[in-house]
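Hi there,

Here is the structure I promised to pass on to you. Have a look at it first, and then read my notes below.

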Amino acid sequence: QPDLFSFGLTEAVTEESRQAGIIKSDHPIMVIIGNPPYAAQSSNDTDYANGLVAKYKYEPGGQVKLQERKHWLHDDYLKFIALAEDLIEKNGEGIMAMITAHGYLHNKTSRGVRWRLTQTFDKIFALDLHGNVKRKESSPDGGKDENVFDIQQGVAIIFGVKIKGGSSSNAEVFSSDLYGTRASKFERLDADEIEWQKVELDPTSMRFTQSRGGGEETYRKGISVNELFIVSNTSLVTARDKVVVDIDPEILQARIERFVDPTLTDDEVRTWLFSRRSGRKYPPGDTRGWKLPAARDAVRSEDITSHIERLAYR
């Protein structure tokens, strides 16, 4: 309500925040549950938040830095998992229960995340609820697979259990998969009809999912891509494709000419080219290393036609 602040709400929220800070820093926390935000472009972009996931940027074993130039380890949900892990590790025992995006259970660049979790917890239960629209997941029987939320990203539930004085070896990891309609997933969750299978952890990938068909030993006998291709790079990387890529060179040239048109203000160009998203750290279209005004100035000094090239696009 508009007049809430006249009733001391500001003071109440401040006091609640202060009390929460005391709890987090001075009191043992036994159970942490939550559904944190999933955002690869993290809105928690602070030194503290980014420092939480620094421990995940290592190969399994924790000695060698992660051998990946690009990763998604700054996703918000991983920062929340890292915070929960830190608090329970500090306490010496406890349970973490999170429902998050499911990519970290199996994707390549999260192997350091998985290894670290096996060092902190004694038992881990990973339930993949699937429903990844982008991957067009379907049930093993060929039927429909729906997300439990109205989102495109697949979802998973993880339980991490740390026992006081527990084992110093890797955690026991158990996994299960739920495919099907949203209603059928809810029904099985409500009835606690989850069949857990122990995961034999691969020491290099540390995947929290069951092996699909084996063949890992045969695969490792092959030649590494790094040995086969001595020189490598990322090839062509495009950005702002809706601006700089088109199937018609005349349309593309007209768009770029409008982009640099001095009669249009920067805000008018933003409205024309870039969708507005709430909560952005930078204005629409801008990033830390690319600013619209500077880009317009740079392109104005060039012969546009000489820079239009054919390319094999995706």
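Does R288 count as buried or exposed? At 63% relative accessibility, R288 counts as exposed; the word buried is used for under 20% relative accessible area, exposed for over 50%, and partly exposed for what lies in between (1.4 Å probe, protein chains only).

Before you go further, please keep in mind that this is a predicted model, in which local features need pLDDT of at least 70 and side-chain atom pairs count only at pLDDT 80 or more, while totals for chains, interfaces and linings use all residues. Residues are numbered from 1 along each chain as its sequence is written, and side-chain values use heavy atoms, with hydrogens and water left out.

Now the overall picture. The protein chain has eleven helices and six strands; these are DSSP runs numbered from the N terminus, with helices (H or I) of at least four residues and strands (E) of at least two. Its C-alpha trace spans about 70 × 70 × 45 Å along the principal axes. Of the 314 residues of the protein chain, 33% count as buried. Among the contacts (heavy atoms within 4.5 Å) with a separation of 6 or more, 72% come from residues 24 or more positions apart.

Next, the salt bridges. The structure holds 19 salt bridges, each being a side-chain nitrogen of Lys or Arg within 4 Å of a carboxyl oxygen of Asp or Glu. One of them joins R288 to D45, with the closest N and O atoms 3.5 Å apart. R288 lies in the loop between α10 (266-273) and α11 (292-300) and D45 in the loop between β1 and α2 (47-52), so this pair ties together parts that are 243 residues apart in sequence. D45 is partly exposed, with a relative accessible area of 32%.

Another salt bridge pairs K55 with D86, where the closest N and O atoms are 2.4 Å apart. This pair also links distant parts of the chain: K55 sits in the loop between α2 and α3 (76-91), and D86 is in helix α3, 31 residues apart. K55 counts as buried at 13% relative accessibility, whereas D86 is partly exposed at 29%.

R255 and D246 form a salt bridge too, and their closest N and O atoms are 2.5 Å apart. Here R255 counts as buried, at 15% relative accessibility, and D246 is partly exposed, at 28%. Salt bridges that share partners also join K55, E85, D86, E89 and R116 into one network.

Finally, the surface. The protein chain exposes about 20,400 Å², and carbon and sulfur atoms supply 54% of it; accessible areas come from the Shrake-Rupley method with a 1.4 Å probe, and for residues only the protein chains shown count as cover. Patches are made of residues with over 30% relative accessible area and no salt bridge, joining like charges within 9 Å or nonpolar side chains (Val, Leu, Ile, Met, Phe, Trp, Tyr) within 5 Å.

Which residues form a negative surface patch? They are E187, D190, D192, E193 and E195. E187 is in helix α5 (residues 182-190) and is exposed, with a relative accessible area of 58%. A nonpolar surface patch of about 380 Å² is made by M30, V31, I33 and I95. M30 is found in the loop between α1 (9-26) and β1 (31-34), and at 42% relative accessibility M30 counts as partly exposed.

Technical notes:
Lys and Arg count as positive and Asp and Glu as negative; His and the chain ends are not counted. The place of a charge is taken as NZ of Lys, CZ of Arg, CG of Asp or CD of Glu.
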